[in-house]
Amino acid sequence: MTPAAAPGSPVDEHLARLVRRVQAESRVPAVSAALHRADRPLWSCTVGETGTESPLGAGPPSPDPTPSASAPAPPPPKPGSPALTVSRGEMPAIVDLTAVGARDWVHWGERGGRSTNRKRSGSGEIIDGGGPGRRVGWDGNQEYVRWADGTPERSTDGSSNGVYACGAGNGFSLAVAGSGEPRTVQLYGGTWMARGRLEARLSTGGPASIARLEDPYTSQSAQFTIRFTLPKGARLLLNWTVEKVFTQHCGNVGLQAVTVR
């Protein structure tokens with residue numbers, strides 16, 4: 001059996017310091033503590049204005065530590081303050097526009113180069129501004145899209161259709177209206193033997209955010225994610241264009257759909 005610690009032993013001193021620290025850090029008038037174990041006598045201690053420390057008779061409590069100075073936190077951004085980020089990822093094999101485009105969506109090319117379908121009860125935030133070059137319909141995309149709330153075509157289980165524009169400098173000009181709230185836009189596009197350049201700008205000014213997609217040998221698709229905040233009346237401006245071609249036979253950028261949530 002372990003022998004009991006004698007009064008004034010290092011164990012008792014350590015326990016007493018803990019009690020004084022609790023009293024000092026908690027800023028209470030007095031603290032009492034007791035400890036009983038089978039292998040030692042009852043130990044107790046009281047620290048405070050009206051009590052005495054027993055059995056130790058230790059000195060006054062340690063002074064409160066002086067808080068370290070720290071720089072003030074920066075103010076949070078004001079609601080609706082302009083913000084913009086762009087990233088690129090792999091396009092899923094099947095994209096459900098109804099689910100992803102909770103606020104709005106547009107699909108291109110279901111019935112040819114001039115054909116569009118959009119969310120039937122959508123917000124109308126997505127604006128097709130045209131773009132340089134001729135749009136051509138295409139039904140051979142490797143990824144599919146589907147929807148259940150469209151117009152003029154109400155639904156489709158899976159469409160590989162889209163549109164493309166050939167030649168350096170040609171492509172698509174789009175916009176998304178600001179609302180004062182954070183929004184997430186997803187653009188589903190691709191390239192064929194070309195380098196595509198997605199430029200995102202805010203109509204309120206500031207630097208552009210750029211993302212690229214390149215395949216000099218065959219086709220490639222991507223999901224571009226644009227997160228932004230703009231006040232009402234302002235717009236997110238998107239230009240998806242051919243930056244460089246690797247063939248004289250219609251190196252191009254393609255477009256299937258854009259969603260907003």
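Tutor: With a definition. A salt bridge is a side-chain nitrogen of Lys or Arg within 4 Å of a carboxyl oxygen of Asp or Glu. Side chains of opposite charge can pair when their charged atoms come close. Keep in mind that this is a predicted model. Now a case: Arg135 pairs with Asp128, with 2.8 Å between the closest N and O atoms.

Student: Is Asp128 buried, partly exposed or exposed, and why?

Tutor: Buried means under 20% relative accessible area and exposed means over 50%. Asp128 has 36%, so Asp128 is partly exposed.

Student: How many salt bridges does the rule give?

Tutor: The count is 13. Take Arg146 and Asp96 next: their closest N and O atoms are 4.0 Å apart. This pair ties together distant parts of the chain, with Arg146 in strand β9 and Asp96 in strand β4, 50 residues apart. Arg146 is partly exposed because its relative accessibility is 35%. Asp96 is also partly exposed, at 27%.

Student: Which salt bridge joins Arg183 to another side chain, and at what N to O distance?

Tutor: Arg183 meets Glu125, at 3.7 Å from N to O. Again the pair links distant parts of the chain: Arg183 sits in strand β14, Glu125 in the loop between β6 and β7, and 58 residues separate them. Both Arg183 and Glu125 are buried.

Student: Which residues are linked in a network of salt bridges?

Tutor: Arg195, Arg197, Glu199, Arg201, Arg212, Glu214 and Glu243.

Student: Let us step back to the whole chain. How many helices and strands are there?

Tutor: There are 2 helices and 17 strands. The protein has 261 residues, and 39% of them are buried. Look at contacts next. Among those between residues at least 6 apart in sequence, 73% join residues at least 24 apart.

Student: What about the surface?

Tutor: The accessible surface is about 14300 Å². Carbon and sulfur atoms account for 52% of that area.

Student: And how should I read a pocket?

Tutor: Rolling a probe the size of a water molecule over the atoms shows where empty space is left. Here the largest pocket has a volume of about 280 Å³. It is lined by 16 residues, and those closest to its centre are Trp138, Asn141, Trp192, Ser219 and Asn252. Strands β14, β15 and β17 each give two or more residues to the lining.

Student: How does the lining of the largest pocket divide into nonpolar, polar and charged residues?

Tutor: The lining has 4 nonpolar residues, 12 polar ones and no charged ones.

Student: Trp138 came up there. Which residue is 27 places from Trp138 in sequence and 9.3 Å away, C-alpha to C-alpha?

Tutor: Arg111. Find Arg111 in the loop between β5 and β6. Its relative accessible area is 64%, so Arg111 counts as exposed.

Student: Is Lys119 buried or exposed, and why?

Tutor: Lys119 is buried because its relative accessibility is 11%. This lysine lies in strand β6. Beyond neighbours within four places in sequence, Lys119 contacts residues including Asp104, Trp105, Asp149 and Thr151.

Student: Last topic: backbone geometry. What should I look for?

Tutor: Exceptions. Most residues other than glycine have a negative phi, and most peptide bonds are trans. In this model, a cis peptide bond joins Thr151 and Pro152, with omega about 5 degrees. Pro152 is in the loop between β10 and β11.

Key. Residues numbered from 1 in each chain as written. Predicted model: local features only at pLDDT ≥ 70, side-chain atom pairs only at ≥ 80, totals over all residues. Heavy atoms only, no water. Helix = DSSP H or I, 4+ residues; strand = E, 2+ residues; numbered from the N terminus. Buried < 20%, exposed > 50% of the residue type's maximum accessible area, 1.4 Å probe, protein only. Contact = heavy atoms within 4.5 Å. Areas by Shrake-Rupley, 256 points an atom, 1.4 Å probe, with all protein chains shown as cover. 1 Å grid on protein atoms, 1.4 Å probe; cavity = no way out; pocket = protein on both sides within 12 Å on 5 of 7 lines; lining within 4 Å. Points joined across faces, edges and corners; volume = space filled by probe spheres on them. Nonpolar A, V, L, I, M, F, W, Y, C, P; charged D, E, K, R; others polar.
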